[in-house]
Amino acid sequence: MPLGTEQPPGSAISIYGVRTTYAPPSQIRAAREIHKMENGTLICRGLTFIEGPRWREGALWFSDFYDEAVFRVVPGELPEKVVSVPKQPSGLGWLPNGDLLISSMLDKTLYRWSETQGLNKYADVSAIAERRINDMLVEPSGRAWVGNFGFVHQDGEAIAPGTLARIDTDQSVHAAAGNLLFANGMVLVNGGNTLIVAETYRGCLTAFDIESTGNLVNRRLWAQLPEGDVPDGICVDAEEAIWVASPTTGSVLRLLEGGEVTDSIQTGRKAIACALGGHDGRTLFVSSSESTNRDICLDRRSASIQAFEVAIASGT
């Protein structure tokens, strides 16, 4: 999810312990770089701003913010629109019966979609979410987790923390964790017992243990990103390493718990989100953009998805 404004190299945003500087490109550290953008396979392009990529049943599903729609694309074919979501779709996930859940940012609502029933309201999270909602994780059980910005930079608001929402399978909505600085991508590790949340404005991945009740406990730092990087979308592989898209540096990094970077991809653009998939789970799909500004994105339509082959398959 975009940071809200374009940040020049070296700019500072200091409050609530947030990462205070963005390194200029000349200072971005070189972890073991395994790919450059030109080494990837183009999956699709000509979109506005791509978020929430998810691999499911032979296709990559994703949201296009400013076209206000969810798409799916089979590699080698053209994307097809699945459903329009007028208030800006973001996170995606599936209920146990196969229905799609969509987080709709501007109205702070989760929608449920199926081919037979169409698009219907599933849960209203406005009582929990301080500002527009963002990415979402849906567990195999159907329980969902949804973050929110906490502030709206475009409206001149100061950086402020937000509350993570939990939506149980009975569609009830609960406050799960507070004091998150721009909660973004999420994954499960440790057999589904640990939730990892990307905090964009803290430049880190934060872990919580999930109790049987759904309560989150034992909050801790899972990994601090290298100087200059901030996490947006994330995905996890079979070794429980986490791939992290960093829009400030254009990198996609593979992190181990504790922060060691084992691999990297340099996109040369704003790396927005990533997902593992493909026939053997070893294809890393990376969405990138030239800008996060709505008008620029609509004008240029330069958002794209590239695919890169990696060594470790997706996690279950």
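Which residues of the largest nonpolar core touch the most other members? In this predicted model, the largest nonpolar core has 16 residues, and those that touch the most other members are Ile196, Leu205, Trp222, Ile234, Ile242, Val244 and Leu255. At least two residues of this core come from each of strand 15 (183-189), strand 16 (194-199), strand 17 (204-210), strand 18 (216-224), strand 19 (234-236), strand 20 (242-246) and strand 21 (251-255). Another core, of 15 residues, lies apart from it and includes Leu110, Ala123, Val125 and Ile128. In soluble globular proteins, nonpolar side chains tend to be buried together.

Strand 17 is mostly covered, with six of its seven residues buried. Strand 17 pairs with strand 16 in the antiparallel sense, over six bridges. Within this pairing, Ala207 of strand 17 is the bridge partner of Ile196. Four residues separate the two strands in their hairpin, where Gly203 takes a positive phi near 65°. The pairing of strand 17 with strand 18 is likewise antiparallel and comprises six bridges. Here Cys204 stands opposite Gln224 of strand 18. The hairpin of strand 17 and strand 18 has five residues between the strands, and Gly214 in its turn has a positive phi of about 95°.

Salt bridges were then examined; a search of the whole structure finds 15. Glu199 takes part in a salt bridge with Arg202, in which the closest N and O atoms are 2.5 Å apart. Both of these residues are buried. Glu199 also forms a salt bridge with Arg219, with 3.3 Å between the closest N and O atoms. Because Arg219 belongs to strand 18 and Glu199 to strand 16, this pair ties together parts that are 20 residues apart in sequence.

Asp124 counts as partly exposed because its relative accessibility is 37%, and Lys121 is exposed, with a relative accessible area of 55%. Side chains of opposite charge can pair when their charged atoms come close.

Terms used:
Residues are numbered from 1 along each chain as its sequence is written. This is a predicted model: local features need pLDDT of at least 70, side-chain atom pairs count only at pLDDT 80 or more; totals for chains, interfaces and linings use all residues. Side-chain values use heavy atoms; hydrogens and water are left out. A nonpolar core is a set of buried Ala, Val, Leu, Ile, Met, Phe, Trp, Tyr and Cys residues joined through side-chain atoms within 4.5 Å. Buried means under 20% relative accessible area, exposed over 50%, partly exposed in between (1.4 Å probe, protein chains only). Two strands pair if DSSP finds at least two bridges between them. A salt bridge is a side-chain nitrogen of Lys or Arg within 4 Å of a carboxyl oxygen of Asp or Glu.
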